[in-house]
Amino acid sequence: MNNLKERLDNLRKTIQEPEFLEGKGLSNEVNIRIFCYDPADEMTIRHFIEQIMTNKSLEFHPKEYNLYKIFVSICEDKRILNAIPPMENKRGAQFLKEQLNRVANNMTFVDKMKYEPHESGDVLMITGVGEVFPFIRVHDLLNAMQPEFPDVPILVFYPGSFDGRSMQLFNQLGKDSYYRAFSII
């Protein structure tokens, strides 16, 4: 826990630095950073994010996008939320996943996250990554987000590992290749 606390303290400092906010030092790559953590530390991470979101003295403007909440919102907009459990019971998990991928795809998520104008100091914080698995995979979502947020740093709170080339959700599932992000701490 102390190691995680130190990492979170370093993260709080790092995301306020002009180099992070401006994406400097990334060799003209997109400003996407991954903060990996042990899935067992989920509640600590949620508490940290809650503190960040309510702290008015920080030198940046956090914008949290919880993927699970977005998923539920999409399902509510389509008026299918209550139909999901019966559909899974009747037709199976694979059928449900295929049907939900039609209405809750990467672009639908990106559309829910879009906002204007982007301001200097904005930081998109992506949370709820594990909660939306297997409906949304974060490496695919990040690809869809890049054109819409080229000037805003994106910080993904990832319950798993990232080695600079591939992501492994929960430190157990198969690895997904993604090379455009950087580990932040």
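I start with terms: on a 1 Å grid over the protein atoms alone, a cavity is a set of points where a 1.4 Å probe fits but cannot get out, and a pocket is an open set with protein on both sides within 12 Å along at least five of seven lines. Lining residues have an atom within 4 Å of a point. Grid points are joined across faces, edges and corners, and a volume is the space filled by probe spheres set on the points.

Ground rules for these notes: this is a predicted model, where local features need pLDDT of at least 70 and side-chain atom pairs count only at pLDDT 80 or more, while totals for chains, interfaces and linings use all residues. Residues are numbered from 1 along each chain as its sequence is written, and side-chain values use heavy atoms, with hydrogens and water left out.

**Entry 1**

I looked for cavities of 30 Å³ or more and found two. The second largest cavity holds about 40 Å³ of space. I listed its lining as Val30, Asn31, Ile32, Gln146, Phe149, Pro150, Val152 and Ile154. For classes I count Ala, Val, Leu, Ile, Met, Phe, Trp, Tyr, Cys and Pro as nonpolar, Asp, Glu, Lys and Arg as charged, and the others, Gly among them, as polar. That lining of the second largest cavity then has six nonpolar, two polar and no charged residues.

Next I turned to the largest pocket, with about 210 Å³ of space. I found 13 residues lining the largest pocket, and Arg46, Ile49, Glu64, Asn66 and Thr127 lie nearest its centre. Elements here are DSSP runs numbered from the N terminus: helices are H or I with at least four residues, strands E with at least two. α3 (42–54) and β2 (61–66) each give the lining of the largest pocket at least two residues. The largest share, five residues, comes from α3. By class the lining of the largest pocket has four nonpolar, three polar and six charged residues.

**Entry 1: helix pairs**

Axes are lines fitted to C-alpha atoms, for helices over the stretch in contact, and angles run from 0 to 180 degrees between N-to-C directions. Angles under 35 degrees count as roughly parallel, over 145 as roughly antiparallel, 65 to 115 as roughly perpendicular and the rest as oblique.

I checked helix α4 (residues 67–77) against helix α7 (residues 106–113): their axes come within 10 Å and cross at roughly 100°. That puts α4 roughly perpendicular to α7. In contact (heavy atoms within 4.5 Å), Leu67, Ile70, Phe71, Ser73, Ile74 and Asp77 of α4 meet Thr108, Phe109, Lys112 and Met113 of α7. I class the residues of this α4 with α7 contact as six nonpolar, two polar and two charged.

Helix α5 (residues 84–91) and α6 have axes that come within 7 Å and cross at roughly 135°. That makes α5 oblique to α6. On the α5 side Ile84, Met87, Glu88 and Arg91 meet Ala93, Phe95, Leu96, Gln99 and Leu100 in α6. The contact of α5 with α6 divides into six nonpolar, one polar and two charged residues.

Cut-offs on relative accessible area: buried is under 20%, exposed over 50%, partly exposed in between (1.4 Å probe, protein chains only).

I found six of the eight residues of helix α8 (residues 138–145) buried, so α8 is largely enclosed by the rest of the structure. The buried ones in α8 are Val138, His139, Leu141, Leu142, Ala144 and Met145.

Glutamine 168 sits in strand β5 (residues 166–169) and is buried, at 18%. Leaving aside its neighbours within four places in sequence, I find glutamine 168 in contact with Tyr158, Gly160, Ser161, Leu173, Gly174 and Lys175.

Glutamine 99, in helix α6 (residues 93–103), is partly exposed at 23%.

Most residues other than glycine have a negative phi, and most peptide bonds are trans. I noted a cis bond from glutamate 116 to proline 117, with omega near -10°; proline 117 lies in the loop between α7 and β3. The bond from phenylalanine 133 to proline 134 is also cis, with omega near 10°, and proline 134 is in the loop between β3 and α8.

Arginine 79, not a glycine, has a positive phi of about 60°. I place arginine 79 in the loop between α4 and α5, exposed at 77% relative accessible area. Phenylalanine 170 has a positive phi too, near 60°; this residue is in the loop between β5 and β6 (176–177) and partly exposed at 29%.
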